[in-house]
Amino acid sequence: MFAQQLLNGVVVGAVYALFSLGLTLVFGVHQILNLAHGAVLMWGAMIGLFIVTFTGLPLPAALALGMVLGGFLSVVLDLVAFQPLRSRQGDHLTTIVSSIGANLILISIAQRITGAQTLSFPFGTFPVRIYSEFGLRISLQQITIVAAVAVMIVALFLYLFRTRMGVEVRAVALNERMAMLLGVNPRFVYFQTFFIAGALAGAAGVILGVAFNAVSYQMGDAVMLQAFVVVVLGGMGSVPGAVCAGLFLGVVQTLTSVFISSQLSDAILFGLLFLLLLVRPTGLFAGLHAEARRV
Amino acid sequence: MRSFVLTYEPLFEIICIYCGLAFSQYLPLRAGVYSLATPGFVSIGAYAGAYAVLRLGLGAPAGAALATLLAGLVGLILALPLARLRGHFQTIATIAFMEIMVSLEFYAEPLTGGALGMNGIPKLVGAWQLLLFVVVLTGFLAVLKRTGIGRAFDAIRQDPTVARSLGIAIGRYHCLALALSGAVGGLSGSLLAYDTYSLMPDQFGFGMLVTALAAVILGGRSSVAGPIVGTIVLLLLPEVFRPFAEHRLLLQGALLILIIIYLPQGIVDTLGRRIGMRFAARRRALSLSDPRGHGVPAP
């Protein structure tokens with residue numbers, strides 16, 4: 001029982017990690033707390049659902065399209081809601097307010113389109129196959145989710161730490177002005193980070209939509225709150241931190257809702273977040289700034 | 001006339017209550033605390049007020065006083081951990097506070113009725129009481145603005161480092177701002193309970209936060225009139241433009257982005273500054289024409 005719940009927690013946590021990576025990347029590089037990130041996840045799930053339902057394309061194609069369109073949605077979000085604020089030295093509140101506005105717009109459009117209903121994928125989108133190993137019930141779906149998330153995270157690490165573009169992104173994270181003086185085009189860096197964040201959120205959306213077989217206009221909000229905990233736990237801006245914290249959170253949440261109370265699970269989670277902010281506001285891992293010093 | 005009053009009385013009452021919410025959101029922002037805890041305070045006040053009337057058998061004034069004290073106390077307690085945080089982290093912590101409150105209200109069924117909500121609260125306040133509430137609150141905040149406290153808030157918001165170098169105890173003023181925000185939020189919450197018959201936990205979530213925050217951003221973050229103007233504009237827009245009513249959220253979102261980009265000071269503060277500049281120009285012209293040169297030097 002315990003090991004089974006542990007496994008379920010890891011699967012959920014992998015998706016949280018995927019989603020939180022985008023949030024932490026944008027915050028770490030540009031110091032923007034993007035509260036509309038959850039809406040991008042929701043739209044990724046919607047796009048995946050519409051593609052599978054209306055065009056009959058297989059799920060991998062829907063996942064890929066959900067990622068690409070989610071990425072572009074995130075870039076558009078940056079251009080509309082954040083870029084006009086950049087020339088002006090505002091306080092933190094400006095970007096937060098702007099992203100709350102963008103979040104409202106994206107959610108209410110989805111609400112109109114779906115008629116505020118919860119949609120589900122057509123039957124048999126993902127084959128139901130269950131293996132019994134080591135006394136655990138492991139479904140093909142769970143294996144696929146963990147494998148897909150692992151591939152994406154490894155790809156993100158290779159990109160950030162092994163390519164020239166990744167070096168540029170980390171240079172901007174360290175100091176945007178200095179990076180500009182050294183010939184980095186900051187606009188292209190903004191494009192990259194927002195596209196990657198959106199693509200990861202889109203992927204997380206499609207995966208969540210298939211895993212719970214439910215896509216609704218509100219699905220982003222709940223995940224967004226989990227992502228706060230992940231991002232603070234892992235350290236705002238830390239990529240490895242987000243991965244570890246995501247897995248940890250998935251496990252903790254699953255275990256508390258099974259063994260303590262599913263109603264109190266949220267209160268425990270946010271209580272944890274609050275305590276953590278008090279004890280160690282920088283998170284358990286160092287930020288991207290520290291990593292940026294290793295080239 | 002009578003039908004007009006009957007039609008718009010509920011809207012007027014809601015506008016008054018949301019003015020209180022907007023003031024609760026305005027107070028910490030004015031003092032440079034990035035707190036989004038208002039819905040949490042309002043929910044504490046609403047449930048405390050309703051509980052006092054329904055279960056403790058108190059009257060509306062006593063219930064409102066209890067709600068104000070309780071939420072103010074929670075604000076004061078919340079200020080202690082927030083003092084250790086800055087900027088974005090204060091925002092995240094207060095959003096967490098709001099969510100903790102919502103999930104506790106779902107959980108504490110004996111106190112709050114859980115997901116079914118708290119029903120059958122008698123209607124104890126009318127339009128006149130609510131108008132009085134807004135007028136008194138506005139007067140209080142206007143006086144606060146003129147005192148040393150208001151000036152200290154302004155200094156902290158504009159530059160915490162300078163404020164500290166001038167000998168302003170930032171932590172103490174942050175505590176004061178949050179306690180006041182809690183008290184005002186709690187009072188508005190109790191009035192909300194006495195006005196709307198029933199309370200549900202998920203009423204005090206992001207939706208309420210967005211409306212309160214949008215009212216402050218729209219109206220202006222520095223003048224006292226700002227939150228009132230913001231609330232009126234925000235709640236009247238869907239009534240005036242009927243086709244917009246079903247796109248209320250869309251409109252609110254677009255308004256938030258447009259205002260923060262093009263009118264970051266809000267309606268009242270921008271207008272106030274324009275008028276102030278015109279007066280300054282006039283004074284300059286007067287002082288130039290003054291042969292003895294006793295005019296006020298132009299800034």
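Let me start with helix 1 of chain A and helix 10 of chain A, which in this predicted model pack at an angle of about 140 degrees, with their axes 6 Å apart. Angles over 145 degrees would count as roughly antiparallel and those from 65 to 115 as roughly perpendicular, so these two helices of chain A are described as oblique to each other. Helix 1 covers residues 2-30 and helix 10 covers residues 239-259, and the crossing between them is right-handed. Where helix 1 of chain A meets helix 10 of chain A, the contact residues comprise 17 nonpolar and 10 polar ones, with no charged residue.

Staying with chain A, a word on confidence: the mean pLDDT of the chain is 84, and 95% of its residues reach 70 or more. Residues 288-295 of chain A, however, stay under 50, although the model has 14 contacts beyond four places in sequence for them. Where pLDDT is low, the predicted coordinates should not be read in detail.

Now to the two chains together, where 32 residues of chain B are in contact with 33 residues of chain A. On the chain B side, helix 4 (87-107), helix 10 (206-219) and helix 13 (248-262) each supply at least two residues, and helix 4 of chain B gives the most, with 14 residues. That side of chain B divides into 24 nonpolar, 6 polar and 2 charged residues.

Finally, the domain assignment of chain B gives domain 1, residues 11-265, and domain 2, residues 270-299, and the centres of these two domains of chain B, taken over C-alpha atoms, are separated by 38 Å.

Definitions and conventions: Residues numbered from 1 in each chain as written. Chains lettered and ligands numbered in written order. Predicted model: local features only at pLDDT ≥ 70, side-chain atom pairs only at ≥ 80, totals over all residues. Contact = placed C-beta atoms within 7 Å. Helix = DSSP H or I, 4+ residues; strand = E, 2+ residues; numbered from the N terminus. Nonpolar A, V, L, I, M, F, W, Y, C, P; charged D, E, K, R; others polar. Domains from an automatic or database assignment. pLDDT = per-residue confidence, 0-100. Axes fitted to C-alpha atoms, helices over the stretch in contact; angles between N-to-C directions. Parallel < 35°, antiparallel > 145°, perpendicular 65-115°, else oblique. Left-handed = near helix turned anticlockwise from the far one by under 90°.
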